[in-house]
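Biologist: Please show the sequence and the structure, and then we can go through them by question and answer.

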Amino acid sequence: MKELSLTEQCSLQGGSVVATVIIYVLLGAGIYKIIKSTSGRISIPKLVSIEWKSS
């Protein structure tokens, strides 16, 4: 098995940072939507389904 150079290691790790940022942005958008709206639904099919209604 070939060992990776330092540059290759950094480029591999950089990809995970981008994915992490995308996940945080999506979570932040979902939380913002829940806080700002009186009722609604957020759904990721077969994973998560959140429904809320303020009385």
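The questions below concern a predicted model.

Biologist: In what order do the elements of the protein run from the N terminus on?

Modeller: The protein has one helix and two strands. The helix α1 covers residues 6-36 and the strand β1 covers 39-44, while β2 takes in residues 48-53. From the N terminus on, the order is α-β-β.

Biologist: What percentage of the residues of the protein count as buried?

Modeller: To count as buried, a residue must have under 20% relative accessible area. The accessible surface of the protein is about 5200 Å², and carbon and sulfur atoms hold 66% of that surface. Of the 55 residues, the part that counts as buried is 4%.

Biologist: Is Trp52 buried or exposed?

Modeller: Trp52 is found in strand β2. Its C-alpha atom is 9.0 Å from that of Ile42, a residue ten positions away along the chain. Because the relative accessibility of Trp52 is 15% and the cut-off is 20%, Trp52 is classed as buried.

Biologist: Which element supplies the largest share of the lining of the largest pocket?

Modeller: The largest pocket has a volume of about 300 Å³. Residues lining this pocket include Ile23, Leu26, Leu27, Gly30 and Ile31. At least two lining residues come from each of α1, β1 and β2. The largest share is six residues, and the element that supplies it is α1.

Biologist: What area does the nonpolar surface patch with Val48 have?

Modeller: Val48 belongs to strand β2. A patch residue needs over 30% relative accessible area; Val48 has 38% and therefore counts as partly exposed. Val48 makes the patch together with Ile34, Ile44, Leu47 and Ile50, and the area of the patch is about 430 Å².

Biologist: Which side chain meets that of Glu51 in a salt bridge?

Modeller: The structure holds one salt bridge. The pair links distant parts of the chain, with Glu51 in strand β2 and its partner in strand β1, ten residues apart. Glu51 is exposed, at a relative accessible area of 57%. With an N to O distance of 3.1 Å, the partner of Glu51 is Arg41.

Definitions and conventions: Residues are numbered from 1 along each chain as its sequence is written. This is a predicted model: local features need pLDDT of at least 70, side-chain atom pairs count only at pLDDT 80 or more; totals for chains, interfaces and linings use all residues. Side-chain values use heavy atoms; hydrogens and water are left out. Patches are made of residues with over 30% relative accessible area and no salt bridge: like charges are joined within 9 Å, nonpolar side chains (Val, Leu, Ile, Met, Phe, Trp, Tyr) within 5 Å. Accessible areas come from the Shrake-Rupley method with a 1.4 Å probe; for residues, only the protein chains shown count as cover. A salt bridge is a side-chain nitrogen of Lys or Arg within 4 Å of a carboxyl oxygen of Asp or Glu. Helices (H or I, at least four residues) and strands (E, at least two) are DSSP runs, numbered from the N terminus. Buried means under 20% relative accessible area, exposed over 50%, partly exposed in between (1.4 Å probe, protein chains only). On a 1 Å grid over the protein atoms alone, a cavity is a set of points where a 1.4 Å probe fits but cannot get out, and a pocket is an open set with protein on both sides within 12 Å along at least five of seven lines; lining residues have an atom within 4 Å of a point. Grid points are joined across faces, edges and corners, and a volume is the space filled by probe spheres set on the points.
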